[in-house]
Amino acid sequence: MQDNNEKKAEKKRRFPVWAMILCAILALLIVAGGAVCIFIGSKLSKINKYDPDAVDTVPPEDETFETDPYVEGTDVIEPGDINWAEDTNTLSKEGVTNILLIGQDTRQEGIKGRSDSMMVLTIDKTTKKIKVTSLMRDMYVQIPGYSDNRINVAYYFGGYDLLKATIEKNLGITIDHFVEVDFFAFQKVVDILGGIYIDLNEEEALALKSWGHRTVVGRNRLDGAAALSYCTMRYVGNSDYERTQRQRRALSAIYDRLKENITVPKIVELVDAILPLVTTNMTNGEIMSHAMGLYGMNAEGVEQYRLPLDGTFTPAYINGMAVLIPDLEKNREYLWEIIYGVKP
């Protein structure tokens with residue numbers, strides 16, 4: 001259980017790596033470009049626009065389940081033994097926009113993977129607040145049309161539309177848009193910036209070294225490949241909890257490098273490298289509108305949260321998977337208050 005200081009600190013973390021970079025670059029383009037709309041439009045045209053008809057889906061009869069090493073003392077539960085909370089209405093509110101940020105888990109460029117990172121970016125024009133809520137990939141949920149499974153496989157089975165339906169069914173919030181970036185964008189950003197500086201503990205350094213990276217305990221400059229390995233390692237430290245901490249450290253390191261290296265040529269290089277690896281269902285006008293809105297807000301005051309909330313889930317093994325079974329009612333109430341200001 002987190003103490004109050006840890007909870008307060010968690011609320012003030014910055015954007016996830018790929019979301020912060022995307023928003024920052026779009027905002028910088030607007031500021032640097034001024035009235036040069038043709039230039040901005042030509043850059044935004046590099047972004048892939050979502051085509052639901054082109055999504056490769058997995059039929060329900062071919063659904064699969066990941067397997068994980070068993071941890072002594074964890075309850076083994078049958079899928080039919082879970083009593084889910086009743087479905088609820090999907091909430092929305094004027095002035096509040098929810099953008100689903102998806103970090104795609106793939107090691108082969110151009111191949112769709114599971115959604116390794118899922119975060120809901122909330123832009124509240126009324127309160128002038130920005131909030132990011134992380135959805136842990138091991139959260140066990142109801143997937144419409146499929147068996148109950150980890151939330152991250154919904155994207156693999158049915159793309160954005162199924163992941164959106166899964167989030168709305170289980171958590172009761174409206175998802176308005178999405179932005180997807182695969183890990184190759186992250187790797188390219190780090191390399192363009194000349195690497196990032198990260199302090200590694202002994203376990204992290206040994207793990208990276210065993211994967212072919214030249215690392216030592218203490219301060220290291222990681223190139224894109226090493227930084228990607230650092231952010232995605234799951235079985236070093238405290239599983240997914242510590243993995244998300246590493247991602248936040250990498251974000252901070254990228255932010256520092258951006259401040260040191262940001263120039264107009266560097267912005268153009270980053271944009272040209274990243275935007276072709278971005279997919280969204282937003283129009284160019286919507287992207288620019290949200291980017292300008294984000295630029296006008298206090299990025300240092302971004303509130304960040306995580307679901308499932310501590311004390312509202314049960315670790316368990318189901319179908320060979322190590323999962324977190326959430327109390328949907330409590331997590332919905334928590335999320336509704338965060339996003340819409342609705343108190344139970």
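Student: Which residue does Asp 199 meet in a salt bridge?
Tutor: That would be Arg 219, with N to O at 3.7 Å. Keep in mind that this is a predicted model.

Student: Is Arg 219 buried or exposed?
Tutor: Exposed, because its relative accessible area is 54% and the cut-off for exposed is over 50%.

Student: How many salt bridges does the structure hold?
Tutor: There are 11.

Student: OK, what about Arg 150, which residue does it form a salt bridge with?
Tutor: Glu 66 is one partner, and the closest N and O atoms are 2.5 Å apart. Arg 150 belongs to strand β7 (residues 149–150), while Glu 66 is in the loop between β1 (48–49) and β2 (75–76).

Student: Why does Arg 150 count as buried?
Tutor: Because its relative accessibility is 1%, and buried means under 20%. Asp 68 counts as buried too, since its value is 13%.

Student: Which residues are linked in the salt bridge network there?
Tutor: Glu 66, Asp 68, Arg 137, Asp 138 and Arg 150 are linked in one.

Student: Switching to helices. How do α4 and α11 cross?
Tutor: Helix α4 covers residues 153–171 and helix α11 covers residues 328–340. Their axes come within 9 Å and cross at roughly 100°.

Student: Why are α4 and α11 called roughly perpendicular?
Tutor: Angles of 65 to 115 degrees count as roughly perpendicular, and the crossing is roughly 100°, so α4 and α11 get that label.

Student: Which residues meet there?
Tutor: From α4 you have Lys 169, Asn 170 and Leu 171. They meet Leu 328, Arg 332, Leu 335 and Trp 336 in α11.

Student: And what's the contact of α4 with α11 like by class?
Tutor: It has 4 nonpolar, 1 polar and 2 charged residues.

Notes: Residues numbered from 1 in each chain as written. Predicted model: local features only at pLDDT ≥ 70, side-chain atom pairs only at ≥ 80, totals over all residues. Heavy atoms only, no water. Axes fitted to C-alpha atoms, helices over the stretch in contact; angles between N-to-C directions. Helix = DSSP H or I, 4+ residues; strand = E, 2+ residues; numbered from the N terminus. Parallel < 35°, antiparallel > 145°, perpendicular 65-115°, else oblique. Contact = heavy atoms within 4.5 Å. Nonpolar A, V, L, I, M, F, W, Y, C, P; charged D, E, K, R; others polar. Salt bridge = Lys/Arg side-chain N within 4 Å of Asp/Glu carboxyl O. Buried < 20%, exposed > 50% of the residue type's maximum accessible area, 1.4 Å probe, protein only.
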